[in-house]
Amino acid sequence: MDSIKSRINAFHKLGEFLSQFSQEKIEKKEHIEHNELFFDGFKHQLKIAGEYNTWFTRENIVFSIESWAKALTSENLTKWITNENLGNNEPKLVAVIMAGNIPLVGFHDFLSVLISGHSVLVKQSSNDKHLLPFLAKYLEYVEPELKGKIMFTEEKLTGFDAVIATGSNNTARYFEYYFKDKPSIIRKNRNSVAVLTGSESEEQLQNLSEDVFRYFGLGCRSVSKVFIPRDYSFDAFFNGMYQQHEIINNTKYANNYDYNKAVYLMSEFDILENGFLMIKEDKSYASPIASVFYEYYDSMDDLKIKLWEDREQIQCIVANNFIEKEVAFGQTQHPKLWDYADGVNTLDFLSKI
C-alpha cells in the first residue's frame, strides 16, 4: 500500500473511532479497531477537557468530534487531496501553533501536515490540550508509519522547517517577526457575518441562531455581526434566536452577558436585548460574548464592496443568494475539508515547502 493511501486509511479509521461519540449518544461499537485500548480513555478525556476549560461543554466537545467523524471518510479525504501535488517533496518538520478557542480547533492543520507526508510539531493552547494527544496515539496505533511523525511540545519551538500559526492580531505580529525566515501561514483574528434582507424565513433565522451561539460565539466561523437594510425590524431575528434561550443557564455565559450589559448601559449605548442576547449598532466585527453587532446597508452593491474591502477581517459570509462562496444559514460550523481558514490553501503551501 503506498504511503498516501495508508495515511488516508489511518484518518478514515480515526473518523470511525470518533463516530462513536455523537450528540445523540456515546456508544461503543463492535467493529472499531483498538477500541478496548482507546474508547474508555477518550471518554475520560472529554470529561477532563470540559473540567479544565468550562467553555468546552460536553455538547460543544461532542459537536466538534461529530463534525470530524463526518469529515474523515475515505471519500472526503480522497476528494480533498485529489488535485493537490502531495508527496513529491521530501518530508519536512512543520510546526503548528494552535489556538484554543473551540475544541480541536487546530485539527485541520494537524491533519493537513500529516496527510501531506510531513512530520508535525504541535504547540497546543493550554485551553485545548487534552483531546488531540490522545487522538494522535490512536493514529499511531492504526498506522505505525505515523510513529515518530507526531510530536507535542510546551517548550520553545526549534528545528522545524515551516510553521502554521494561529493567534490574535497581537500574537500574529510577534509570529511574523519571529518566523520571518521560515515558510509560514500566520492567521489573525477573523469573524463571520450574516447579510439579512428582511425576507428570511423563520427556519433560516433559527438556523442562523446556530451560527451565532455554537461554541458560545467563540469561533472565527461564529457570526458576530449582521448587516441589515434600513427598515429592518428585529422581531423576526429575535424570534429565530429564541430557540437558543437556554444558553443563559450556562454560568460563564450568563456572567459575560451581565458584565457586557452593564458596560453597555453605563456607557449609555443603545442596545436591544432579549434576556440572553444583546444587539448593538457598531462598525467593528468582533462583538463580545452574548452580543451581536449590526450595521445598516443602503445597497447590496455597496455592501459587496465593503465586504470585499474588509475581507481580511472576515471568515464566512452567511447569506441567501447574495455573493459567491456564501455559507447557508446554519452551516458555518460544518466546513468541508477543502474550506480553508482565511481562504489559504494549506495543502498547496505544504506541497511547496
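Mentor: Buried means under 20% relative accessible area, exposed means over 50%, and partly exposed lies in between. Keep in mind that this is a predicted model.

Trainee: How does A341 read: buried, exposed or partly exposed?

Mentor: A341 is partly exposed, because its relative accessible area is 25% and the class runs between 20% and 50%. The residue sits in the loop between β11 and α12 (346-351).

Trainee: Which residues does A341 contact, leaving aside neighbours within four places in sequence?

Mentor: R187 and Q315. There is also a C-alpha distance to note. A341 and I314 are 27 residues apart along the chain, and their C-alpha atoms are separated by 10 Å.

Trainee: Take Q204. Is Q204 buried or exposed?

Mentor: Q204 counts as buried, because its relative accessible area of 19% falls under the 20% cut-off. Q204 belongs to helix α8 (residues 202-213). Residues up to four places away in sequence aside, Q204 touches N320 and F329.

Trainee: Now helices. What span should α2 have, and what does the model give?

Mentor: Work from 1.5 Å a residue. Helix α2 covers residues 35-52, 18 residues, so it should span 26 Å. Its end C-alpha atoms are 25 Å apart, which agrees.

Trainee: Which residues of α2 are buried?

Mentor: N35, F38, F39, F42, Q45, L46, A49 and G50. Look down the axis of α2: these buried residues fall within an arc of 125°, so they line one face of the helix. On the other side of α2, E36, D40 and E51 are exposed.

Trainee: What covers the buried residues of α2?

Mentor: The cover includes α1 (3-18), α3 (58-71) and α6 (131-142).

Trainee: How far does α1 reach, from first C-alpha to last?

Mentor: α1 has 16 residues and reaches 23 Å. That is close to the 22 Å expected at 1.5 Å a residue. Its buried residues are S6, R7, I8, A10, F11, K13, L14, G15, F17 and L18. They pack against α2, α3, α4 (74-81), α5 (107-115) and α6.

Trainee: Where do L104 and N321 sit?

Mentor: L104 is in the loop between β1 (93-97) and α5. N321 is in the loop between β11 and α12. Their accessibility classes are opposite ends of the scale. L104 is buried, at 5% relative accessibility, whereas N321 is exposed, with a relative accessible area of 72%.

Trainee: Which element gives the largest share of the lining of the second largest pocket?

Mentor: β11, with four residues. Both α11 (300-309) and β11 (314-318) supply at least two residues of the lining.

Trainee: How does the lining of the second largest pocket divide by class?

Mentor: There are 11 nonpolar, four polar and 11 charged residues. Recall Q315: this residue is among the closest to the pocket centre, and A341 contacts Q315.

Notes. Residues are numbered from 1 along each chain as its sequence is written. This is a predicted model: local features need pLDDT of at least 70, side-chain atom pairs count only at pLDDT 80 or more; totals for chains, interfaces and linings use all residues. Side-chain values use heavy atoms; hydrogens and water are left out. On a 1 Å grid over the protein atoms alone, a cavity is a set of points where a 1.4 Å probe fits but cannot get out, and a pocket is an open set with protein on both sides within 12 Å along at least five of seven lines; lining residues have an atom within 4 Å of a point. Ala, Val, Leu, Ile, Met, Phe, Trp, Tyr, Cys and Pro count as nonpolar, Asp, Glu, Lys and Arg as charged, and the others, Gly among them, as polar. The expected span of a helix is 1.5 Å times one less than its number of residues. Buried means under 20% relative accessible area, exposed over 50%, partly exposed in between (1.4 Å probe, protein chains only). The arc is that of the directions from the helix axis to the C-beta atoms. Contact means heavy atoms within 4.5 Å.
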